[in-house]
Amino acid sequence: MHELAVEGSAVQHLLDQRAPLVRAGGGELGTKDQLVVGHASTLRNGRPAAQAPGRADPNDSPASRRGPYAVASVSDDQRSAAAGSLDEQRRIRADKVAALRTAGVDPYPDRFERSATSSALQTRFASLEPGSETGVEARVAGRVMLRRNMGKLIFLTIQDLDGTLQLFVSKADLGEDRFAAVAEVDLGDWVGAVGEVITTRKGELSVKVAELRLLAKALRPLPDKWRGLSDTDTRYRQRYVDLIVNEEARQTFRVRHQAVRSLRHQLDEEGFVEVETPVLQLEAGGATARPFVTHHNALDQEMFLRIALELHLKRLVVGGIERVYEIGRVFRNEGISTRHNPEFTMVEVYWALANYDDMIGLTERMICRAAADATGGYVVAHPDRPGETIDLTPPWPRRRIVELIAERTGETVSVHDPVEQLHAVCDRLGVAYEDWWGSGKLVYAIFDKKVEDTLGHDRPMFAFEYPAEVSPLAKPSPADPENTDRFELFIGGKELANGYSELNDPVRQRAMFEMEVAAAEHGDDEAARTVDEDYLRALEFGLPPTGGLGVGIDRLAMLLAGQPSIREVILFPTLRPEQPDSDEGDEGDEG
RNA sequence: GGGCCGCUAGCUCAUCGGGUAGAGCAGGGGACUUUUAAUCCCAAGGUGCCGGGUUCGAGCCCCGGGCGGCCUACCA
């Protein structure tokens, strides 16, 4: 059994190195049926098996990597994995692959012509009597999720892109050999079936299989068919498995997709142009946050991943793209929590000739439409308060931040108060501050710490009139240059959107940049460390009066999908490495 | 980053006043021509996250580490 001294092809050699599972044994199956003919040295082409398991897969446990199959030259007795273990289950499935190949059946065939999806059939044949035969032939395909083996009958439940469907397999229909082949199908395999649409005696819509084809063999077992997969870590790391077994996960990402699509439709209908701007930037501006730093080799240039979309989009408004938006990933090198992922998605919108008031209206239109399209209504579950709901029906209230501070804390404050007076207020309220903060930053700190999380629990709330000191890119209010025409939207105590009339005076903008640089020198490591000269040059060509808006897509998705954690709405959230491997060792344990 | 909690079979979970572990599903063998998480019978399946320590003896107690969750701190 072990004359694995293989034929000389390089691909074959590679396969032997990479896919020991495919070779493993076959002896145990020897008593079973015609499938077992020999081992896989009869492989006809290398390509499918090159994606063989057990390699390049960081999810393998140390045990399985060290396990007997990881070594090319193990003997048979070394190879006996514990019965029922993962290794054993994978080996049995790999043996089936080998046996199929030997029998001339490709376990990873090329394509399958599907005539109907599960939900299409469920819809079309919604009201058939039990025991019906339709005379309609269907070609269906999906992943085997359940199998009920009944002697001379087999029921398979397959799952495809939009639902599930039962396959009815009868030995009388298929004959001994082909029925036996169906019995070899494992949970998790992809199959295609051809047959008549029927209902069973119990009334279950089914395809009565005349032909069943394995479309892709699964080598790993699925999680518990009833309890599914609940370990959050595994769900995030192996999202593919999560999506296979958890309908809620699929639903969450459908909602997210609908919401994004809806935003795009709304903006497109209002004449906005979608663009893409650089992720790699020489200076990361447009927000206060620490950036990721990287390096371009050919240019020998330090670069930053963007922290916002703002500055490039406004350059485009200067360029005459008067209504412009981007839905894009931004990166902030800060903490990770249920509300923060290092990379997240924002939509930013810029609208020439409009102001912050127009942007408030646009925000309402966009989010209401997204809610309606993604959830079918305006009432959503409160993300943090079980049983409570938030009513998104517009219009939403708008309040000045100083009014909200007075209402929630009893303190009357203004950006014109002397800092000493505001320090006293902060002390009374227990709000921390730095010596070098001005009145604007102090007022904002009070709002941030004491007011924000109280907003938007019944219905969304716009807060407006933010201090200029914390709004370096916003236009000063005509009546009071210490404040700006800026708003933020709060829903469920969380900031969901931020917008303003854009600062388009290049002289004031330069002054604001220089203030930020000074703040950075004071030790504010989130402030911009450089003046973006190119952006100022653009402003000197003339930015028209412009309204701007940013909406956090992930938070919107959390709201609409009713998910309390941002990791539930990001397919592959940022996680620590699965196995810090001391052998690789080029990254120390400190960053 | 701080506090609390968790990590046991592929999955979901048990167990005990410290005496080297059980179940369901999945997997293996068998029965079954209308199942629906099919059912029934049989036999298997474990470095108890990792590393130390205490102890005659540690999955359990202690220390260190890893990963995750929740709360908290920051931005969105």
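A: Happy to! Let's start with a helix pair: H12 and H14 are oblique to each other. This is a predicted model, by the way.

Q: What angle do the axes of H12 and H14 cross at?

A: Roughly 140°, and the axes come within 8 Å. H12 covers residues 247-269 and H14 covers residues 356-375. Because roughly antiparallel needs an angle over 145 degrees, the pair H12 and H14 counts as oblique.

Q: Which hand does the crossing of H12 and H14 have?

A: H12 passes H14 in a right-handed crossing.

Q: And which residues make the contact between H12 and H14?

A: From H12 you have Val-255, Gln-258, Ala-259, Ser-262, Leu-263, His-265, Gln-266, Leu-267 and Glu-269. H14 brings Leu-362, Arg-365, Met-366, Arg-369, Ala-370, Asp-373 and Ala-374. By type, the residues of this contact are eight nonpolar, four polar and four charged.

Q: Nice. What about H16 and H17, how do their axes cross?

A: Helix H16 (residues 419-429) and helix H17 (residues 439-450) have axes that cross at roughly 15° and come within 9 Å. That angle makes H16 roughly parallel to H17. The crossing is left-handed.

Q: Which residues in H16 and H17 meet?

A: On the H16 side they are Val-419, Leu-422, His-423, Val-425, Cys-426 and Leu-429. Their partners in H17 are Ser-439, Leu-442, Val-443, Ile-446 and Lys-450. The contact of H16 with H17 divides into eight nonpolar residues, two polar and one charged.

Q: Let me zoom out. How many helices and strands does chain A have?

A: Chain A has 20 helices and 19 strands. It runs to 591 residues, and buried ones make up 48% of them. Among the contacts in chain A with a separation of 6 or more, 67% come from residues 24 or more positions apart.

Q: Speaking of burial, which residues of H13 are buried?

A: In H13, residues 310-318, the buried ones are Glu-310, Leu-311, Leu-313, Lys-314, Arg-315 and Val-317.

Q: What covers the buried residues of H13?

A: The cover includes strands E10 (323-331), E11 (343-352), E18 (494-501) and E19 (546-552), along with helix H19 (533-540). Just after H13, Gly-320 has a positive phi of about 105°.

Q: Where is the cis peptide bond?

A: The cis bond joins Pro-394 and Pro-395, with omega at about 0°. Pro-395 is in the loop between strand E13 (389-391) and strand E14 (398-400).

Q: New topic: is Leu-215 buried or exposed?

A: Buried, because its relative accessibility is 16%. Leu-215 belongs to strand E5, residues 205-216.

Q: What is Leu-215 in contact with?

A: Setting aside neighbours within four places in sequence, Leu-215 is in contact with Pro-107, Tyr-108, Pro-109, Phe-112, Ala-141, Trp-190, Val-191 and Gly-192. As for Arg-143, it is 72 residues from Leu-215 in sequence, while the two C-alpha atoms are 9.1 Å apart.

Q: Last one. What does the side chain of Glu-407 make a polar contact with?

A: With the side chain of Arg-399, at 2.8 Å. Glu-407 lies in helix H15, residues 401-409. At 45% relative accessibility, Glu-407 counts as partly exposed. Glu-407 and Val-451 are 44 residues apart in sequence, with 9.1 Å between their C-alpha atoms.

Definitions and conventions:
Residues are numbered from 1 along each chain as its sequence is written. Chains are lettered from A and ligands numbered from 1 in the order in which they are written. This is a predicted model: local features need pLDDT of at least 70, side-chain atom pairs count only at pLDDT 80 or more; totals for chains, interfaces and linings use all residues. Side-chain values use heavy atoms; hydrogens and water are left out. Axes are lines fitted to C-alpha atoms, for helices over the stretch in contact, and angles run from 0 to 180 degrees between N-to-C directions. Helices (H or I, at least four residues) and strands (E, at least two) are DSSP runs, numbered from the N terminus. Angles under 35 degrees count as roughly parallel, over 145 as roughly antiparallel, 65 to 115 as roughly perpendicular and the rest as oblique. A crossing is left-handed if the near helix is turned anticlockwise from the far one by less than a right angle, and right-handed if clockwise. Contact means heavy atoms within 4.5 Å. Ala, Val, Leu, Ile, Met, Phe, Trp, Tyr, Cys and Pro count as nonpolar, Asp, Glu, Lys and Arg as charged, and the others, Gly among them, as polar. Buried means under 20% relative accessible area, exposed over 50%, partly exposed in between (1.4 Å probe, protein chains only). A polar contact is a pair of N or O atoms within 3.5 Å; within protein, one must be able to donate a hydrogen and the other to accept it, and residues adjacent in sequence count only if both atoms are side-chain atoms.
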